[in-house]
Amino acid sequence: MKNLKYILFSGLLLSSVACDKKLDIEPLQSVSENLALDTDANVKLVLQGAYDNISRDGVFGGNMFRDAELAGADGEVRWVGTFGDPRDIFNHTMDAGNFDADNTWGDAYATINSANNVLSAISVVNADDQDRVKGEALFLRAVCHYELVRIFGKPFEAGGANSQLGVPVILTPTRGVTDASYVSRNTVAEVYAAVREDLHEALNLLPEDNDVFANKYAAAALLARVHLTKGENAEALEHAEIVINSGVYSLVSDYEDLWNQDDNTEETIFGMQVSNQDGANELVTFFSIPEFGGRDGDIEIEQKHLDLYDPSDARLALFYDGNGATRTGKWRDQYKNIPVIRLAEMYLIAAECQARLSQNADDYYNAVHTRAGLAAKTNVTLNDILLERRLELAFEGHRIHDVKRLKGSVDGLNYDDDKLVFPIPSRETEANPNLQQNDGY
Amino acid sequence: MKHLFTLTMLCLMMTMSAFAQRAVTGKVTDAAGEALIGASVAVKNTRIGTITDINGAFSVQVADNNAVLTVSYTGYESQEVAVGANTSVTVVLTENQNVINEVVVIGYGKQIRSTLTGNIAKLTNENVKGMPVVSLEQAMQGQAAGVSVESVNGKVGAAARVRVRGVGSINAGTEPLFVVDGIPLSKDARNTYGAAMNPLADLNFNDIESIEVLKDASAKAIYGSRGSNGVVLITTKSGKSGKGQIELDMQYGFSKPTRKREFLNAAEFVELFTEAANNSDDLEGVAYDDPNSWTEFVNGRFRRYSGFNDDWMTGVDKTNWQDEAFQDASIYNAQLSMSGGNEKMRYYISANAGFNDGILVANHLSKDGARMNLDFDATDKLKVGVNFAVSRTDTRTVSDDNAFSTPMQLVALAPITPKRDEDGLLYDRPVTTYYNGLIDVEDATRKVLSSRTLANVYGDYSFTDNLGLRVEAAANLYNVRDEARFGERTDVGNDSKGYGQSVFAGATDYNTNAVLHWNKTFDSHDLGFDLGTEYFKSNNNRTSVEGEQFPTDELKTLASAALIIAGTSSEDNYSFLSYFGRARYNFDRKYLFNASARVDGSSRFGENKRYAFFPAFSAGWVASEEDFLTDNSTLSFLKVRASWGQSGNADIGNFRALGLYAPGSYNGGSNYTPEQIANPDLTWEKSTELDFGIDWGLFNNRISGEIDYYIKNTNDLLQEVPIPATTGFRTQWRNIGELENKGWEFTVNSNNLVGEFKWTTSFNIALNKNKVVALADGQDIIDDGGSRYLNVVKVGSPIGVFYGAEYAGVDPDNGDALWYVHEEGGDPNATTNDYSEANFVELGSPLPDLIGGIGNTFSWKGLTLDVRFQGVSGNQIHRAGDIFMSCNACWFDNQTRDQLDRWQNPGDVTDVPEARLGYSNGDIGRSSRYLSDGSFLRLKNVTLAYDLPANLLRGVRSIRLYATATNLLTFTKYDGWDPEVTTDFLANNTTYGIDFYSAPQPKTIIGGIRVGF
């Protein structure tokens, strides 16, 4: 059949038009996941991305710290802004749809996923850098789990079983949505165990100096914090002293110079880098006023807080009046860094632990106290130290956590009240039925 | 292709053989005496036949004087001529008026309508030629059953939304695939500034020979993954052999808005707002003359709006701001075309130039282009051709409807405000209530320049009479340049000493295909196969630069910007690779069968689902060919047909299946963060469609029509589904959910009167019911939760259904706005004046139940009158902008005059609540207060034409004088400007029927002359 020849010829022609390879098109504005983790340089970029994640507003970009202050306001600060979600945090009337709770949850787990991706590709990293890269990723994963369990779980009870629900501990990167993606909540004890393990490993791996990124002392400082939260005073003291005695950090002599800085100060152990190009400082958005790049002056400082200071306290002088109310000067200017962990906190942790261990805490206490322009004290008490801590670290995101740790109360709510625990975001419980909601929501 | 078809026809005509004895010569012409080249001349009951040559001449051998010649030519009525003793005959063929035997373009081929088993609507050049509209879609409006065309706005060059058989997707594209001479054209708008523009605006629809809309699955499945929303095949003109013909067409006219709304004049403005302030004072128990009263506040505002004087007290109107929003718009278009050829070569060449002013101030579009279509018979077996067109538009756009600077938002300004101050400078805030958009007219330019090159080459080789191969390669180069420059006084440029942006967006699309086609007719069997492959690749890129700090407003380019503030570029690619086949068979043109299949692969989909298979089957039975009907004098044609098939929707954006990292920056360094989670199973949205149709003809097909019923189910809808954020991601693209469209279509074409006075009617109507069948598991509504707009996606309801509080009018006792509570199980008539207590209910659909059109053409001697109506029915429109302009003086926007019906005294029965300045009394967007019936019937087009009689023509072939009016009359109950509307800044798949300061459609009248040489 003559036609057959033509058909064969045409078939050849037809198939030459097409080639399956032509369907493999890579995007040019994004990079596909298999490329992102295939070289030393790329894995390091993903590690940088984990810092980018944690600098977002839901985590260390500021809203998480803001919310800790609003939840622990107790008449010392006041939310006057129009946004309903922070107002509900302030009023203890949150519901599970709260946007800020969802935002913190999502940003923290995005950071954890970035860190897990780095850890999964650690073998690709140059041998010389593997320890550092791995240590940083572990640090970032630990700090997120720690923040999440403090916010979404009932407080850690020193000496207790801590079988109350914490948050899911995620230790593997997500490459696809499978049954394993529908995780359940780990207990508070399990979360702290994971945090401890990550941080101890990070402490061993990280170098002493690592530019603005997590170093050995950031891991030690965070461990001091974690042990303090758990009431493990000796370990907290030990790790705080690792930082204090390193000689790497020193207190900024003028308290005012700690704030509104473009660069980390000599006191900053770990801080978020913010500029007009990248990073976020939402603390300024809400604590500051339009004149300095704030929103509407949404958070006002109340007299009750100001009354806590000695009139000659340099920290009192940092407050300023603007838009009809008192404002904190810590978060005044736009595009400035957020110190997350600083040396003064280590002194205060060390002092507190010394006092709890019945040691003399005068030195560590006075280092912070005299820096504020106040006269040194002798035989300081635990209450002196706790007040000092409250004043020194005000509006830096510690308040509600200190209330819980010290078993205090806020706005008439006991430290372990359901309302002081954030709801698991409803978006999350709807997407994942395995997540049990907290009591009270 | 055409020859192939003619050959097939010829085969059909010829039957068993007879002896040739003597020659008959002759000529075949059309009614005007022009030679018809390639007409087939067959001797009846023999196998003898020939084709006319370049002069329309033929010579054929006949047996004896009883011989009868059957002369046929595509598009003309066949004729039988008894030879008798003649040795020479002249045959004049008349154009075929009946639709049943017309040739329709199908995907990758052509077919006679009577043998079709699918549903294809066809429009010809006559349907669109000379229409004084910008875009092809607008020219098609109302002329094809089940094809909805909606201009989103009356801005010139605005996007036009085309929906074939309803809205077919929630997140992916809903536009049909537009294919021009074999190359798919994207309908994605590429301009940056102003409202989205129609990228097809540059096509010169006067060059179009035919437009076929493939509607059912059997017709469109050959387009596989891109066919789900229908396919619009556009074929441009090709030359015909014979004497060259030149046609020159020029038209000129003007446009006005179809309708204006009535706003308060100065006296009414002062009266209403004073009353509103008094009422607010009464409410608060404040004396009117209290310095802190609303009344004093209003007086201060009146003073301010007057230009800080007391002119407002005089009641004199200072400015009619609505009039300022519009301009005297004129339209000019010129077309020149030449076509002709010899037996080896045919050409069609055209050039066009013209402009359309928009009815909005400073809105203007000019367009020009040229086309050259050439076809060569290289050898007896090989035909090659090239289609080449360049086109360009140059548009001065206006802002989208949401911007203070858009001309329509001028209506918000107070009638007591003068336009200019003593120095002649346009007033701005604080004298004008809001930014004065006229400053944009003087001090801003937003230019969008598009240019397109469309090129297509083909070769068609016939191996044998039955077997051929057609290979096509086409390219579409489309570039859009945006030049925006905002002067120092504009709202964009005023804090930066002027602002400018220059954006270049380019798209380069390539398409190649090869189709092997085989046909054979033996006895009564007619069999055909097509086998083909196609590859499409698209590259899209964009570069932009922004600058500030210009020394003066006169310097327009970024060369003079002291500060370049941003610059970026991006690029995207996607591709399709396809294999397809089709088989058709008919027995005696009575029993018709058709099967087609396409396998598509695309870069857009996941590795595991990269290829998909789209089959279709259809069958038809031409009952009128059966013995029991052949002699029926009334019913001349009857065909029943059924089709089933699947097609896909791949218009979902690129790379959604991939796991991606996005670049970012922290601490001044770059980084990657996980951006999108992979879904290797991500695939096409699939439509499965069933269609039943009846084609009928009465009285020798003088009246003919089609009836179709279809059910189209779209499943595997692409949705962004929430996933646990503990994964590090919040959503994943998945194929989930289902959508249904079902409906009826009716078309009737009728030659009511034939003879000297001719009257033809074409009518189409389509009913479509759209329903969201399923969303993601456990999800029954997609609602952005906003308070201004009503559209939601809700299971069991049409896509975009209006959902909000039902307005219950005004409490006659106190003037409060009321809403129905609609408590489940509660009193259905219970009302509340507290909006937050009102439960949301469905308030109506923005999608019409029924769309249609009717055209009548009357001709007598040289006079032709064409009258065409178009309409939609059953939809609601949300006047979303009325929360500002019809809010019983809630704030200082000038109010529509109907707000004077406000409640004033106890006992007043009205729909307009009491005016209370600064208080919300019924001004809630998310309620039925601002819904109107959107049904309309519109006199879409009227053309009166006069062809000068031949005896008056000197040296020209023809002269036609004509006048055309579009949108001359609109019958509607709609309370806003114009019922053909969806505000441009919200026009997406789920938002329909929103009027937000949207420009009305233009009403256009033109006069023209068409001269043929």
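Modeller: A term to start with: a residue is buried if 20 or more other C-beta atoms lie within 10 Å of its own, exposed if 12 or fewer, and partly exposed in between, with C-beta atoms placed from the backbone. This is a predicted model, so local features need pLDDT of at least 70 and side-chain atom pairs count only at pLDDT 80 or more, while totals for chains, interfaces and linings use all residues. Residues are numbered from 1 along each chain as its sequence is written, and chains are lettered from A and ligands numbered from 1 in the order in which they are written.

Colleague: Fine. Is Asn162(A) buried or exposed?

Modeller: Asn162(A) counts as buried because it has 21 C-beta neighbours inside 10 Å. Its phi is positive, about 55°, although Asn162(A) is not a glycine. You'll find Asn162(A) in the loop between helix 7 (130-152) and helix 8 (188-205) of chain A. Helices here are DSSP runs of H or I with at least four residues, strands are runs of E with at least two, and both are numbered from the N terminus.

Colleague: And Tyr108(B), what's its phi?

Modeller: Positive too, about 55°, and Tyr108(B) is not a glycine either. Tyr108(B) sits in the loop between strand 8 (103-106) and strand 9 (109-112) of chain B. With 22 C-beta neighbours inside 10 Å, Tyr108(B) counts as buried.

Colleague: Where does the cis peptide bond to Pro430(B) fall?

Modeller: The bond runs from Arg429(B) to Pro430(B), with omega near 5°. Pro430(B) belongs to the loop between strand 21 (382-396) and helix 8 (438-443) of chain B.

Colleague: Back to chain A. How many helices and strands?

Modeller: Chain A has 18 helices and 9 strands. Its C-alpha trace spans about 110 × 50 × 45 Å along the principal axes. Of its 441 residues, 51% are buried. Among contacts in chain A with a separation of 6 or more, 67% come from residues 24 or more positions apart; a contact is two residues whose C-beta atoms, placed from the backbone, lie within 7 Å.

Colleague: At what angle do helix 10 and helix 14 of chain A cross?

Modeller: Roughly 145°, and the axes of helix 10 (residues 233-244) and helix 14 (residues 343-356) of chain A come within 8 Å. Axes are lines fitted to C-alpha atoms, for helices over the stretch in contact, and angles run from 0 to 180 degrees between N-to-C directions. The crossing is left-handed, which is the case if the near helix is turned anticlockwise from the far one by less than a right angle, whereas clockwise would be right-handed.

Colleague: Which residues meet there?

Modeller: From helix 10 of chain A they include Ala236(A), Leu237(A) and Ala240(A), and from helix 14 of chain A they include Met346(A), Ile349(A) and Ala350(A). The residues of that contact split into 11 nonpolar, 2 polar and 2 charged. Ala, Val, Leu, Ile, Met, Phe, Trp, Tyr, Cys and Pro count as nonpolar, Asp, Glu, Lys and Arg as charged, and the others, Gly among them, as polar.

Colleague: How many residues does each chain bring to the contact between A and B?

Modeller: Chain B brings 52 and chain A brings 58. On the chain B side, elements giving two or more residues include strand 24 (499-522), strand 25 (525-548) and strand 30 (660-666). That side divides into 23 nonpolar, 23 polar and 6 charged residues. Strand 1 (residues 31-32) of chain A pairs antiparallel with strand 30 of chain B over 2 bridges, and Val31(A) stands opposite Tyr661(B). Two strands pair if DSSP finds at least two bridges between them.

Colleague: What joins strand 22 to strand 23 in chain B?

Modeller: A hairpin through 4 residues. The two strands run antiparallel over 19 bridges, with Tyr461(B) partnering Leu469(B) in strand 23 of chain B. Strand 22 (residues 444-462) of chain B also runs antiparallel to strand 21 of chain B, joined by 15 bridges.
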